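Please keep the sequence and the model in view while reading.

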Amino acid sequence: MSVLTAAPPDGEVNPLVEGLERLPVPSTTMVIFGATGDLARRKLLPALYNLAHEGALPERFHLIGVSRREKPHEDYRAECEQAIRRFSRRSPDKNVLEGLLEQVKYVPGVFDDDSVYERLARELDEFERAAGEPLARMFYLSTAPTFFPVIIEALGRQGLAGRAEEDGAPQDGQRVRVIIEKPFGTSLAEAMDLNRRVLSVFEEPQVFRIDHYLGKETVQNMMAFRFANGMFEPLWNRNYIDNIQITAAEDIGIEGRAGYYDRAGALRDLIQNHMLQLLCHVAMEPPARFSAEEVRNEKVKVLRSIRTPTPEEVGEIAVRAQYAAGHAGGQDVPGYLEEEGVAADSHTETFAALRLEVDNWRWAGVPFYLRAGKRLARKVTEIAITLKPVPHLAFSREGSLGVRPNQLVLTVQPNEGVSLQLGAKIPGTRMVIRPVNMEFLYGTSFLSQSPEAYERLIIDAMRGDATLFTRNDEVEAQWQICDPVLKSWEATPAPHPLPQYEAGSQGPTEAREMMREGQGWRTI
């Protein structure tokens with residue numbers, strides 16, 4: 001096994017990415033709705049600190065937290081400090097932390113109370129008076145999805161949404177943006193309704209629908225590997241690729257989240273958003289320019305090329321299952337139906353797999369296999385591109401594993417990197433072939449810690465760069481793929497219980513049966 005190292009820059013600029021980092025970061029006030037929730041504490045506040053530590057935040061940056069409980073500004077600042085100290089990827093620097101917390105305020109109240117937004121408007125105006133200039137405003141909806149339209153429409157009523165021109169900048173000169181967390185609806189109808197309500201208040205260039213997977217280094221690096229390296233593009237098509245597998249496996253169970261998970265399931269939770277986005281990055285055509293609209297145009301083309309399954313086809317291209325009791329993480333664990341808060345007759349899937357086809361010139365006939373599940377053998381998110389085998393197996397001799405198809409594997413988590421599996425001769429007097437891996441790992445190649453996904457996404461939203469965010473038609477196209485599967489599952493009498501797989505295993509045997517002859521899942 002060899003490790004690839006980063007080559008020194010030679011001064012040349014790839015025209016595809018030229019100008020990507022040149023968008024300025026305007027002076028900004030960020031408002032977090034749901035400011036005391038788990039996402040804010042574990043991800044958003046640490047991300048803001050790390051951006052401040054790296055000097056990435058603008059000189060004038062302010063934060064307002066909005067949540068239900070009454071508390072003074074000082075108490076909320078103390079909670080922010082505690083969250084940053086506990087969850088930041090680096091130990092906080094006292095001066096940087098104090099500088100960040102000095103500009104933090106808190107607004108209490110429920111999200112459907114207009115007086116909350118009136119007080120919020122006063123706090124926003126106060127920051128601007130102190131700054132002596134208009135500030136950009138960014139509203140982050142870190143709440144339960146039921147509050148998304150409530151908050152959006154309240155911002156509109158209070159005149160806090162701005163009025164966007166064609167370029168996305170509000171006419172009053174204050175750039176106003178809103179970040180909306182997933183899930184963006186639980187069905188196609190809900191997603192379309194939410195889009196309608198959001199776009200009745202904000203213009204599309206102001207809306208940033210966040211998918212934190214797109215902030216991960218490997219996902220962004222996927223386009224760099226494809227479009228900045230001439231060796232891959234000639235092979236990146238149906239003539240050379242046999243199949244593509246996208247896996248999002250977790251070794252944990254629902255971790256006390258039965259209230260959410262039993263209504264969602266694996267297909268809604270992971271495949272409809274994260275995994276279809278990964279598929280788009282693998283399958284998209286090179287954009288003319290690396291701009292938000294060009295990149296998202298290409299992703300929408302991919303989604304619209306995926307054949308929508310008919311009710312009769314769902315049984316052949318989709319599998320669902322639940323984890324049973326087993327052994328994981330060094331201990332015995334209960335099955336899904338035994339988890340606290342889960343109904344004894346639940347048909348919610350903890351494992352889902354799809355076989356999709358992208359019906360275009362590049363990918364016709366190449367199956368894309370997607371699988372997501374909990375309580376599997378280990379935690380890993382990866383994309384495996386398997387090339388077609390060589391036509392003549394001349395090296396099948398005793399002691400040899402033979403010539404296996406080459407695989408390019410992009411690991412998104414937990415250890416971000418890329419590996420290429422090749423056939424090589426073992427040293428000795430005989431021609432014995434074994435697979436070997438060439439690996440590129442971020443930690444060893446760049447000798448630096450990769451930033452958290454939310455760090456990249458927050459700063460991009462401040463810049464107004466929507467490249468790594470999903471557009472309204474993109475969200476709806478994703479639902480158009482998954483909605484028929486969900487409707488078929490709901491309409492078809494399901495066995496009780498659903499097909500089971502032992503906790504800590506590779507998943508249900510039914511998932512192997514959906515694959516084409518000669519193809520099989522990679523071992524998790």
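In which loop is Pro183 found? Pro183 lies in the loop between strand 6 and helix 6 (188–199); helices (H or I, at least four residues) and strands (E, at least two) are DSSP runs numbered from the N terminus. The model is a predicted one, in which local features need pLDDT of at least 70 and side-chain atom pairs count only at pLDDT 80 or more, while totals for chains, interfaces and linings use all residues. Residues are numbered from 1 along each chain as its sequence is written, and side-chain values use heavy atoms, with hydrogens and water left out.

Pro183 is joined to Lys182 by a cis peptide bond, with omega about 0°. A cis peptide bond also joins Gln413 and Pro414, where omega is about 5°; Pro414 is placed in the loop between strand 15 (407–413) and strand 16 (417–425). Most residues other than glycine have a negative phi, and most peptide bonds are trans.

Two residues other than glycine have a positive phi: Glu255, near 50°, and Arg375, near 55°. Glu255 belongs to the loop between strand 8 (241–249) and helix 8, and counts as exposed because its relative accessibility is 52%. Arg375, in the loop between strand 13 (367–373) and strand 14 (380–387), counts as buried at 11%. Here buried means under 20% relative accessible area, exposed over 50%, and partly exposed in between (1.4 Å probe, protein chains only).

Strand 5 (residues 136–141) has six of its six residues buried, so it is largely enclosed by the rest of the structure. From this strand, Ala136, Met138 and Tyr140 point one way and Arg137, Phe139 and Leu141 the other. In a regular strand the side chains alternate between the two faces of the sheet. Strand 5 pairs in the parallel sense with strand 2 (residues 28–33) over six bridges; pairing requires that DSSP find at least two bridges between two strands. Within this pair, Phe139 is the bridge partner of Val31. Five bridges join strand 5 to strand 6 (residues 176–180), also in parallel, and Leu141 stands opposite Ile180.

Of its 149 residues, Phe33, Phe139, Leu279 and Phe368 touch the most other members. Helix 8 gives the most to this core, with 13 residues.

Note on methods
A nonpolar core is a set of buried Ala, Val, Leu, Ile, Met, Phe, Trp, Tyr and Cys residues joined through side-chain atoms within 4.5 Å.
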